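Please read it with the sequence and the structure open beside you.

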Amino acid sequence: MIVKQTSEIRTFFQYVIPSVLSFALSGVYTIVDGFFIGNSIGDLGLSAVNIAYPIVAVIQALGTGIGMGGAIYYSICRAEKKEEQAREFTAAALWLLVISSVILTIFVFFLNGMLLRLLGASGELLVLGEEYIAVIALGAFMQVVGTGLVPFIRNHGGSFYAMVSMIAGFVTNIVLDYLFVWVFEQGVAGAAWATVIGQGVTMLIALFYLLQKKQFTLRIPFSKFGKASVPILKIGIAPFGLTMSPNISLIIINRFSIFYGGELAVAVYACIAYVICIVYLILQGVGDGSQPLLSQYYGEKNFDKLKSTRKLAYGFAMFLSLIGCIIMYLTKESLGVLFGASKTVNTEIANIMPIFLISVPFVAILRITTAGFYATEKSIFSYTLTFIEPLLMLVLMLILPPLFGGQIMIWWSTVLARIFSALLAIGLKNHVDEKEYAEFFIGEER
């Protein structure tokens, strides 16, 4: 029994550790841009990239959602011994990645000014934001396909290789940020080119892996493409939304902060978001890293292993959230300095950071529960948990700041929304465990 448990734990960490590191690196991408831009342009540059970042996040989240949706069905079909269907889901997902990236490139490139205005940019913020997003749009294909291929590598058992592809892109981004932003003084456009090229490196390495393993295929009859695409998109909405959730929250926070606290408040949250979003991505890495195992056990109807794997995911996520909170608390006095922020911004960051740290363990619960739902085809529950947080945040920000104190209640609204969302997640998880899994075991006994 002990040997069996040890084997399960080892398998869990073989999948999860590379995924956690990969997601951490994807978050550091943004920090690298912020570091070079902040120390080159200052608060204005930080605010411009912060305002524009939700557009970048949509591009990357689209790839993650489609890739994850295809990879989940690939794993379930493989567990059910349906090899032909598994390959059809792979092909359909790859076509969706290509088609969506082309559409997104055209849409974002020609409408980036309008999109930035909707996000609250104006004046110099708008000018710098347009400069940044125009380049990002041109590289949308590499970003969508690159992020979309990573879940397939992970579900093919290549978690370590997926991490390697992310590291290669990350190193490329750092080197090019240094050259483009500092040496050649290309500003936000240079940072955008560094990001795009770094994602391109990740895409090429991921593509090479799938070709080498003979798992890359675009062959699917047109009559079956629609049939395979619908469930991929249905499942993919949740991981797309989960990746976007911090950025939807970012949009809401920026819009209200501009009204109550001005550009200074936006710059403050930009620095906090750079760091705390890495912790959120790490927690998502735990969820998405355990997804191949959860989908496999779900396909095999092995609910004992499914529940024990999910329990490991909760425990590890809570441990990482605690470590993250300790690090952020100890470094709160110097966080703004890292990004070249003004002394005023740095002081305000140190004052409000403890407020945001309260919500981190609750985010851990929310991320793992949501990943568990979409890994096992519980689409409605995963949608609910994905989008409830920004919805609650919006409602609280409409009510609390006017009544109890302006900008400070923007920060508290963010925290309260995450706490309430986590409590809902616990309730839904218990409901599923008691109802659906109980019905399965009763059926087995009969």
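1. Threonine 370 is a place to start: because its relative accessibility is 0%, threonine 370 counts as buried, where buried stands for a relative accessible area under 20%, exposed for over 50% and partly exposed for what lies in between, computed with a 1.4 Å probe and protein chains only. Threonine 370 belongs to helix H13, which covers residues 360-375; helices here are DSSP runs of H or I with at least four residues, strands are runs of E with at least two, and both are numbered from the N terminus. Leaving out residues up to four places away in sequence, threonine 370 touches Leu242, Ser382, Leu385 and Thr386, a contact being heavy atoms within 4.5 Å.

2. Before going further, please keep in mind that this is a predicted model, in which local features need pLDDT of at least 70 and side-chain atom pairs count only at pLDDT 80 or more, while totals for chains, interfaces and linings use all residues. Residues are numbered from 1 along each chain as its sequence is written, and side-chain values use heavy atoms, with hydrogens and water left out.

3. Turning to the whole chain, the protein chain has 15 helices and zero strands. Its radius of gyration is 21 Å, which agrees with the value near 22 Å that a compact globule of 446 residues would have; the radius is taken over C-alpha atoms, and the globule rule is 2.2 Å times the number of residues to the power 0.38. Along the principal axes, the C-alpha atoms fill a box of roughly 65 × 45 × 40 Å.

4. Of the 446 residues in the protein chain, 59% are buried. Among contacts with a separation of 6 or more, 84% are between residues 24 or more positions apart. The accessible surface of the protein chain is about 18000 Å², and carbon and sulfur atoms hold 68% of that surface; such areas come from the Shrake-Rupley method with a 1.4 Å probe, and for residues only the protein chains shown count as cover.

5. Which residues touch the most other members of the largest nonpolar core? They are Tyr132, Ile272 and Val286, in a core of 141 residues, and helix H9 (residues 262-300) gives the most to this core, with 20 residues. A nonpolar core is a set of buried Ala, Val, Leu, Ile, Met, Phe, Trp, Tyr and Cys residues joined through side-chain atoms within 4.5 Å. Isoleucine 272 touches Leu335, Ile349, Ile352, Met353 and Phe356, residues up to four places away in sequence not being counted. A second, separate core has seven residues, including Phe373, Phe381, Ala425 and Leu428.

6. Alanine 228 sits in helix H8 and counts as buried because its relative accessibility is 6%. Its contacts, apart from residues up to four places away in sequence, are with Glu88, Phe89, Ala92 and Ile220. The C-alpha atoms of alanine 228 and alanine 93 are separated by 8.3 Å, although these residues are 135 residues apart along the chain.

7. Arginine 219 is found in the loop between helix H7 (187-212) and helix H8 (222-260), and it counts as exposed because its relative accessibility is 77%. Between the C-alpha atoms of arginine 219 and isoleucine 76, which are 143 residues apart along the chain, the separation is 20 Å.

8. Two backbone angles deserve a look, given that most residues other than glycine have a negative phi. Glutamate 185, in the loop between helix H6 (159-183) and H7, has a positive phi near 55 degrees and is exposed, with a relative accessible area of 66%. Lysine 301, in the loop between H9 and helix H10 (303-330), has a positive phi of about 60 degrees and is partly exposed, with a relative accessible area of 41%.

9. Finally, tryptophan 412 lies in helix H15 (residues 407-445) and counts as partly exposed, at 30% relative accessibility. Leaving aside neighbours within four places in sequence, tryptophan 412 is in contact with Ile355 and Ile358. The C-alpha atoms of tryptophan 412 and glycine 157, 255 residues apart along the chain, are separated by 41 Å.
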